[in-house]
Amino acid sequence: MAIDERDLRADPAIVRTWVEGWALTRQVAAPVFENGGYRVEVGLPDQLRRYVFSDYSDWVRQHAEAISEPAIFLKVCAPPELVQPNLPARWHIQSPAFMMLLSGPMQSETTSLPDGFVYDHQVYDGVTIVNVLDRAGEVAATGRIGFPGELAVYDRISTHENHRRKGLGRSVMKRLEMLSHEKGIQRAALVATPDGRALYEPLGWQVYCLYTTAVIPKPDA
């Protein structure tokens, strides 16, 4: 019998490592654990702060009741059906997302690129950014990876709309995996949109838990 994804529950240790890696790849201050979740000061106009919880608990509700301003996000490793009924009406549930894990080699044979594309690596404070450049030197696809522990964290995987359906996303993923294996790290985590999930599952990634985001919309949104 297939497992209902709504019943999946996350290990707090894995969530902790993932959020540490996310902060690392975004080059923001390390998460601080307080009041049942991890606070990350993002500092962007559209996302000042986020709180990440490994499951729904009364702490999530208490945060939601105390926060009244936009640009502060609640991220909960639980299905939206569990989270939304417990939040004040001012909170909006965003599109679904999925925390995913990779526990073995990715199911793709090569990191080679089509003719006219080349890799470009950039390293900042322990984070490696892998870009795929086109003939004009513009970024056609990109992704980044951080190593907060014995779990590699992939982030910001994207392909420019003019270069989709060329296998560039797969090539970036395999290149990131190569960097992970060079450090002796075999397991990896990321959070995916539905489109991202469609890319990662054929490569061997598995849904670990549902990942629900809530935010108070800006007045002009």
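Reader: In which sense do strand 3 and strand 4 pair in this predicted model, and over how many bridges?
Author: In this predicted model, strand 3 covers residues 47-53, and V76 in strand 4 is the bridge partner of F53. Together with helix 2 (residues 58-66), the two strands make a right-handed β-α-β unit. The pairing of strand 3 with strand 4 is parallel, and the number of bridges is five.

Reader: What is the angle between the planes of W18 and Y211?
Author: A search of the whole structure finds four aromatic pairs, and one of them is formed by W18 and Y211, with the ring centres 5.6 Å apart. This pair links distant parts of the chain, since W18 belongs to helix 1 (residues 12-26) and Y211 to strand 12, 193 residues apart. The arrangement is edge-to-face, and the angle between the planes is 75°.

Reader: Why does W18 count as buried?
Author: The term buried applies under 20% relative accessible area. Y211, the aromatic partner of W18, is buried with a value of 4%. W18 counts as buried because its relative accessibility is 2%.

Reader: Over the ring of which residue does the charged end of R50 sit?
Author: Two arginines can be described in this way, and one of them, R197, lies over the face of F98 at 4.7 Å from the ring centre. For R50, the charged end is 3.8 Å from the centre of the ring, and that ring belongs to W22.

Reader: To which residue does the backbone oxygen belong that lies 2.7 Å from a polar atom of the side chain of S180?
Author: S180 is found in helix 4, residues 168-182, and is buried with a relative accessible area of 2%. Not counting residues up to four places away in sequence, S180 touches I145, F147, A152 and I185. The backbone oxygen at 2.7 Å from the side chain of S180 belongs to I185.

Reader: Is S54 buried or exposed?
Author: S54 lies in the loop between strand 3 and helix 2, where it touches A10, P12, V15 and C77, not counting residues up to four places away in sequence. Its relative accessible area is 19%, and the cut-off for the buried class is under 20%. S54 is therefore buried.

Reader: Which residue takes a positive phi in the hairpin of strand 7 and strand 8?
Author: Strand 7 (residues 118-124) and strand 8 run antiparallel and are joined by seven bridges, with Y124 bridged to V127. Two residues lie between the strands, and the one with a positive phi near 50° is D125.

Reader: Which residue in the turn between strand 8 and strand 9 has a positive phi?
Author: Strand 8 pairs with strand 9 (residues 139-146) in the antiparallel sense over six bridges, and V139 is the bridge partner of L133. Five residues lie between the two strands of this hairpin, and the residue with a positive phi of about 80° is G137.

Key
Residues are numbered from 1 along each chain as its sequence is written. This is a predicted model: local features need pLDDT of at least 70, side-chain atom pairs count only at pLDDT 80 or more; totals for chains, interfaces and linings use all residues. Side-chain values use heavy atoms; hydrogens and water are left out. Two strands pair if DSSP finds at least two bridges between them. Helices (H or I, at least four residues) and strands (E, at least two) are DSSP runs, numbered from the N terminus. A crossover is right-handed if, with the strands pointing away from the viewer, the path from the first strand over the helix to the second runs clockwise. Rings of Phe, Tyr and Trp (its six-membered ring) pair if their centres lie within 6.5 Å; planes under 30 degrees apart count as stacked, over 60 as edge-to-face and the rest as tilted. Buried means under 20% relative accessible area, exposed over 50%, partly exposed in between (1.4 Å probe, protein chains only). A charge sits over a ring if NZ of Lys or CZ of Arg is within 6 Å of the ring centre and within 35 degrees of the ring normal. A polar contact is a pair of N or O atoms within 3.5 Å; within protein, one must be able to donate a hydrogen and the other to accept it, and residues adjacent in sequence count only if both atoms are side-chain atoms. Contact means heavy atoms within 4.5 Å.
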